[in-house]
Amino acid sequence: MAIVLSKFTVLFEDPFWIGLYERQEGQRYEVCKVTFGAEPKDYQVLAFLLQNWDRLPFSRPESASAPDQRRISPKRMQRLVRKQVQDAGIGTKAQQALKRQQEQDRQARKDHSRAARSAQKERQFLFRQKKRKEKHRGR
């Protein structure tokens, strides 16, 4: 049975508030960045997650170390949660995954725009050829 860990962090990244959703299932690690406008309330974050759960754009899965399966005492769990809540910033693993996803999206946009430019040039070339033939035929 694979352990599933998920963590949603809301933080301020100038000029917007963002939500960083990280999930790890067994050896797979995925991350998603959600941009909020103003600082969201807890109930707004929960409502957003419930409504948009299936449409969140997660990064491609990456390999990760398996999470520990040992039992953690309640007091230690409280200390860990308090420490995570006080931590400010995005974890480096999440930053790297988001950066890779951003690069892949940028490359896809470049490929798409290059194909569109090429198609436009081809259409213009064919139009000019057609126009030359019509002039040549005396029409």
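Trainee: By about how many helical turns are Arg 114 and Asp 111 separated in helix H3?
Mentor: This is a predicted model, in which local features need pLDDT of at least 70 and side-chain atom pairs count only at pLDDT 80 or more, while totals for chains, interfaces and linings use all residues. Residues are numbered from 1 along each chain as its sequence is written, and side-chain values use heavy atoms, with hydrogens and water left out. Helices (H or I, at least four residues) and strands (E, at least two) are DSSP runs, numbered from the N terminus. Because Arg 114 and Asp 111 are 3 residues apart in helix H3, their separation is about one helical turn.

Trainee: Is Asp 111 buried, partly exposed or exposed?
Mentor: Buried means under 20% relative accessible area, exposed over 50%, and partly exposed in between (1.4 Å probe, protein chains only). Asp 111 has a relative accessible area of 38%, so the class is partly exposed.

Trainee: What is the N to O distance in the salt bridge of Glu 30 and Arg 28?
Mentor: Glu 30 is buried at 7% relative accessibility, whereas Arg 28 is partly exposed at 42%. Their side chains meet with an N to O distance of 3.2 Å.

Trainee: How many salt bridges does the structure hold?
Mentor: Another of them joins Arg 106 and Glu 103 at 3.3 Å, N to O. Those two residues are also in helix H3 (residues 92-136). The total for the structure is 6.

Trainee: Which residues does Phe 48 contact beyond its neighbours within four places in sequence?
Mentor: Phe 48 lies in helix H1 (residues 42-52) and is partly exposed at 24% relative accessibility. Contact means heavy atoms within 4.5 Å. With those neighbours set aside, Phe 48 touches Val 34, Phe 36 and Leu 56.

Trainee: About how much accessible area does the nonpolar surface patch with Val 85 have?
Mentor: Patches are made of residues with over 30% relative accessible area and no salt bridge, joining like charges within 9 Å and nonpolar side chains (Val, Leu, Ile, Met, Phe, Trp, Tyr) within 5 Å. Areas come from the Shrake-Rupley method with a 1.4 Å probe; for residues, only the protein chains shown count as cover. Val 85 is exposed at 65% relative accessibility. Together with Ile 72, Met 77, Leu 80 and Val 81, Val 85 forms a patch of about 420 Å².

Key: Salt bridge = Lys/Arg side-chain N within 4 Å of Asp/Glu carboxyl O.
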